[in-house]
Amino acid sequence: MKSVLAAVAVASALVLAACGPSSPDVDPKKYGTVVEEAPRKLLSEDQIEKALLTVKDLPDGWSVAPAPDPAGGSDVRRDSSHPACKTLTQTLDDDISASGTGDVYFSLSENGPFLSQSVLSRPKREVLKEMKSLRKVLEDCPSYTETAQGMTITYQPSSMAFPKLGDDTVALKLRSSSGGQVIDVPMVIVRVGRTLVMLATYEIGGSMSPQDFEVVARKAVKKAQAAAK
């Protein structure tokens, strides 16, 4: 999950929330309902590569971007007085880089908006447990802080309306605040069988439009489903 967090350049959290209705400006008939049967096998490296978005899948003007380092190479300290948040911060501190993971990053301009995608293929019991436990974190964790390079950022997760895609969908908006600056980071995590498709977008002062974000999410899930066949 750290790859999604790094991609939005705010060292944030993948906490999960309830789904909401589809945006009225996106036609599900055009982009698909994305409710086909989930893949039954773990994806190979080649399949994960096929599942990742490309520039052709995005609206005009986007380009591939390098993976950012939000902490600037320094150590990050996460803290919260709430027990539920401690579960989350411990998850973020874990090094989960391993096989069965693919990441890609995009930007529309030097100042954003930015978009990241991670595709993780894991045993089903692991992805089910992860979705359930992180959704519980969202319900019980009001906020936590991160300190890096002498700067402290407060993060507050909240649920975000989003259509149900794949086998399970969780969506959130993570608000980060520091020194009077506030950034909202929309995030969506979709389970497709044993695969997690995770998307996040952010920009100083805004983000990708909800309609474009939904269109991209639908394409990402359909690509994961096609890659598993």
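I shall speak about the overall chain, then one set of strands, then the charged side chains.

This is a predicted model: local features need pLDDT of at least 70, side-chain atom pairs count only at pLDDT 80 or more, and totals for chains, interfaces and linings use all residues. Residues are numbered from 1 along each chain as its sequence is written, and side-chain values use heavy atoms, with hydrogens and water left out.

Let me begin with the chain as a whole. It has six helices and nine strands; helices (H or I, at least four residues) and strands (E, at least two) are DSSP runs, numbered from the N terminus. Of the 229 residues in the chain, 48% are buried. Here buried means under 20% relative accessible area, exposed means over 50%, and partly exposed lies in between, with a 1.4 Å probe and protein chains only. The chain exposes about 11100 Å², and carbon and sulfur atoms supply 49% of that area; accessible areas come from the Shrake-Rupley method with a 1.4 Å probe, and for residues only the protein chains shown count as cover. Among contacts with a separation of 6 or more, 70% are between residues 24 or more positions apart, where contact means heavy atoms within 4.5 Å.

I turn now to the strands. Strand 7 (residues 168-178) pairs with strand 6 (residues 151-159) in the antiparallel sense over six bridges; two strands pair if DSSP finds at least two bridges between them. Within this pairing, Y155 stands opposite S176 of strand 7. Strand 7 also runs antiparallel to strand 8 (residues 181-192), and 11 bridges join the two. There, L174 has V185 in strand 8 as its bridge partner. The hairpin of strand 7 and strand 8 has two residues between the strands, and G179 in this hairpin takes a positive phi near 60°.

What does S177 contact, leaving aside its neighbours within four places in sequence? The residues are T152, I153, T154 and V182. S177 itself is found in strand 7 and is partly exposed, at 24% relative accessible area.

Next, the charged side chains. Side chains of opposite charge can pair when their charged atoms come close. A salt bridge is a side-chain nitrogen of Lys or Arg within 4 Å of a carboxyl oxygen of Asp or Glu, and by this rule the count comes to four. One of them joins K223 to D57, with the closest N and O atoms 2.9 Å apart. K223 lies in helix 6 (residues 210-227) and D57 in the loop between helix 3 (45-51) and strand 1 (63-64), so the pair ties together parts that are 166 residues apart in sequence. D57 counts as buried at 15% relative accessibility, whereas K223 is partly exposed at 21%.

Another salt bridge brings together D168 and R135, at 3.4 Å from N to O. This pair links distant parts of the chain, with D168 in strand 7 and R135 in helix 5, 33 residues apart. E214 and R218 also form a salt bridge, at 3.1 Å between the closest N and O atoms. These two residues are both buried, and because they are four residues apart in helix 6, about one helical turn separates them.

Finally, I draw your attention to R122, in the loop between strand 4 (114-121) and helix 5 (124-140). R122 is buried yet has no salt bridge, and E126, the nearest side chain of opposite charge, is 4.7 Å away. For charge, Lys and Arg count as positive and Asp and Glu as negative, while His and the chain ends are not counted. A polar atom of the R122 side chain does lie 3.1 Å from the backbone oxygen of G100.

Technical notes
Polar contact = N/O pair within 3.5 Å; in protein donor to acceptor, adjacent residues only side chain to side chain.
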